[in-house]
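Here is a short report on one protein chain. It starts with the fold and then turns to the core.

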Amino acid sequence: MKKNLLDYQGRYGSEVRIQLIELVQCIALYNLGRRSDLKKLVSVALELLDNAQRYNTGSDVDFSWHIAGNELVVRVTNNSTSHDAERLVNAVEEISRMDPAEITEAFRRQMLNEGFGEKGGAGLGMLQIARKVGNTIRVHVEPLDNDVYVCRSEVSAALVPKSQ
């Protein structure tokens with residue numbers, strides 16, 4: 001049975017992001033209980049929502065946090081420029097070819113890199129997700145019009161039995 005824990009579609013900004021993270025924290029605690037990996041699971045939503053806010057060219061976002069069996073699926077959809085959509089796809093494709101040690105090393109290198117752009121752009125968010133829950137990031141990008149692309153980022157995480 002699939003538990004639909006949170007779906008949000010609508011206007012998006014800092015206040016909504018803060019409220020969504022607070023909701024995710026409450027829902028996760030209530031539905032998953034106290035677990036050693038709870039903070040890590042919530043951080044996946046935080047990273048995806050941060051990226052959506054940073055790169056969104058529109059005013060809306062589509063966010064979902066679902067538990068299906070022993071798997072958590074977090075999904076964010078937003079609009080972005082073609083440049084940012086391409087960087088997202090490239091970052092996820094690069095991460096998909098890495099093993100856990102390579103992901104950790106890439107994250108370390110990015111932390112030492114001084115080449116952050118005005119929006120960040122170092123790929124740290126996706127590397128951080130991969131470090132925390134494994135290489136389970138999927139993206140789908142499609143053109144909407146002119147320089148606007150719809151970007152859907154989805155991360156799945158195995159829900160191991162609760163620690164005692």
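## Fold

Read from the N terminus, the elements of the protein chain follow the order β-α-α-β-β-α-α-α-β-β. Helices are DSSP runs of H or I with at least four residues, strands are runs of E with at least two, and both are numbered from the N terminus. The radius of gyration of the protein chain is 16 Å, close to the 15 Å of the globule rule for 164 residues, so the chain is as compact as a globular protein of that length. That radius is taken over C-alpha atoms, and the rule is 2.2 Å times the number of residues to the power 0.38.

## Basis of the model

This is a predicted model: local features need pLDDT of at least 70, side-chain atom pairs count only at pLDDT 80 or more, and totals for chains, interfaces and linings use all residues. Residues are numbered from 1 along each chain as its sequence is written, and side-chain values use heavy atoms, without hydrogens and water.

## Core

Of the 164 residues, 41% count as buried (under 20% relative accessible area, 1.4 Å probe, protein chains only). The largest nonpolar core has 43 residues. Such a core is a set of buried Ala, Val, Leu, Ile, Met, Phe, Trp, Tyr and Cys residues joined through side-chain atoms within 4.5 Å. Phe-63 and Trp-65 have the most contacts inside this core. Helix 2 (residues 38-55) gives the most to the core, with 8 residues.

Which residues does Trp-65 contact, leaving aside its neighbours within four places in sequence? Among them are Leu-5, Val-24, Leu-41 and Val-74. Contact means heavy atoms within 4.5 Å.

Notes:
Buried means under 20% relative accessible area, exposed over 50%, partly exposed in between (1.4 Å probe, protein chains only).
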